[in-house]
Amino acid sequence: MAGSSHGHGHTPAAWTGVIISFIGFCVAGAFMVMAQPVGFWAGMVLIAAGAVVGGVMRAMGLGQKQPPLKMVGAPLATREPVGVES
């Protein structure tokens, strides 16, 4: 997949959201091992915050631009000529 040109995830919004969520996973995992529920839930909040921050940054235009949809092939339904009855 090296050299693909679609740029999947190579945006500031994606990197920021993933980094914040990764830190949240590390925090939650560490506090889970230490049997500290408050720290575990703080890590879970960081995970959710990463998703929110990534989504907000994408809405601000820092995410991947969506290409316009193209119709491939013939239309699924065709109109019948006027006056044709079944």
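User: In which helix is V52 found?

Analyst: The model is predicted: local features need pLDDT of at least 70 and side-chain atom pairs count only at pLDDT 80 or more, while totals for chains, interfaces and linings use all residues. Residues are numbered from 1 along each chain as its sequence is written, and side-chain values use heavy atoms, with hydrogens and water left out. Helices (H or I, at least four residues) and strands (E, at least two) are DSSP runs, numbered from the N terminus. On that numbering, V52 belongs to helix α2.

User: Is V52 buried or exposed?

Analyst: Buried means under 20% relative accessible area, exposed over 50%, and partly exposed in between, with a 1.4 Å probe and protein chains only. The relative accessibility of V52 is 52%, so V52 counts as exposed.

User: What distance separates the C-alpha atoms of V52 and G17?

Analyst: V52 and G17 are 35 residues apart along the chain.

User: How many helices and strands does the protein chain have?

Analyst: One of the helices is α1, residues 12–33, and another is α2, residues 37–62. The secondary structure of the protein chain comes to two helices and zero strands.

User: What does helix α2 reach from its first C-alpha to its last?

Analyst: Helix α2 has 26 residues. The expected span of a helix is 1.5 Å times one less than its number of residues. For α2 the expected value is 38 Å, and the computed reach is close to it, at 35 Å.

User: Which residues of α2 are buried, and what does their cover include?

Analyst: The buried residues of α2 are G39, G43, I47, G50, G54 and M57. Contact means heavy atoms within 4.5 Å. What covers these residues includes α1.

User: With which residues is S21 in contact, leaving aside its neighbours within four places in sequence?

Analyst: S21 lies in helix α1. Its relative accessible area is 15%, so S21 is buried. With those neighbours left aside, its contacts are L46, I47, G50 and A51.

User: Which residues make the nonpolar surface patch of about 510 Å²?

Analyst: Like charges are joined within 9 Å, and nonpolar side chains (Val, Leu, Ile, Met, Phe, Trp, Tyr) within 5 Å. Accessible areas come from the Shrake-Rupley method with a 1.4 Å probe, and for residues only the protein chains shown count as cover. Helix α1 gives the largest share of the patch, four residues, and the patch is made by W15, I19, F22, I23 and L46.

User: How is the aromatic pair of F40 and W41 classed: stacked, tilted or edge-to-face?

Analyst: Rings of Phe, Tyr and Trp (its six-membered ring) pair if their centres lie within 6.5 Å; planes under 30 degrees apart count as stacked, over 60 as edge-to-face and the rest as tilted. By this rule there is one aromatic pair. The ring centres of F40 and W41 are 5.0 Å apart and their planes are at 75°, so the pair is edge-to-face.

User: What is the phi of A35?

Analyst: A35 is found in the loop between α1 and α2. A35 is exposed, with a relative accessible area of 60%. Although A35 is not a glycine, its phi is positive, at about 60°.

Key: Patches are made of residues with over 30% relative accessible area and no salt bridge: like charges are joined within 9 Å, nonpolar side chains (Val, Leu, Ile, Met, Phe, Trp, Tyr) within 5 Å. A salt bridge is a side-chain nitrogen of Lys or Arg within 4 Å of a carboxyl oxygen of Asp or Glu.
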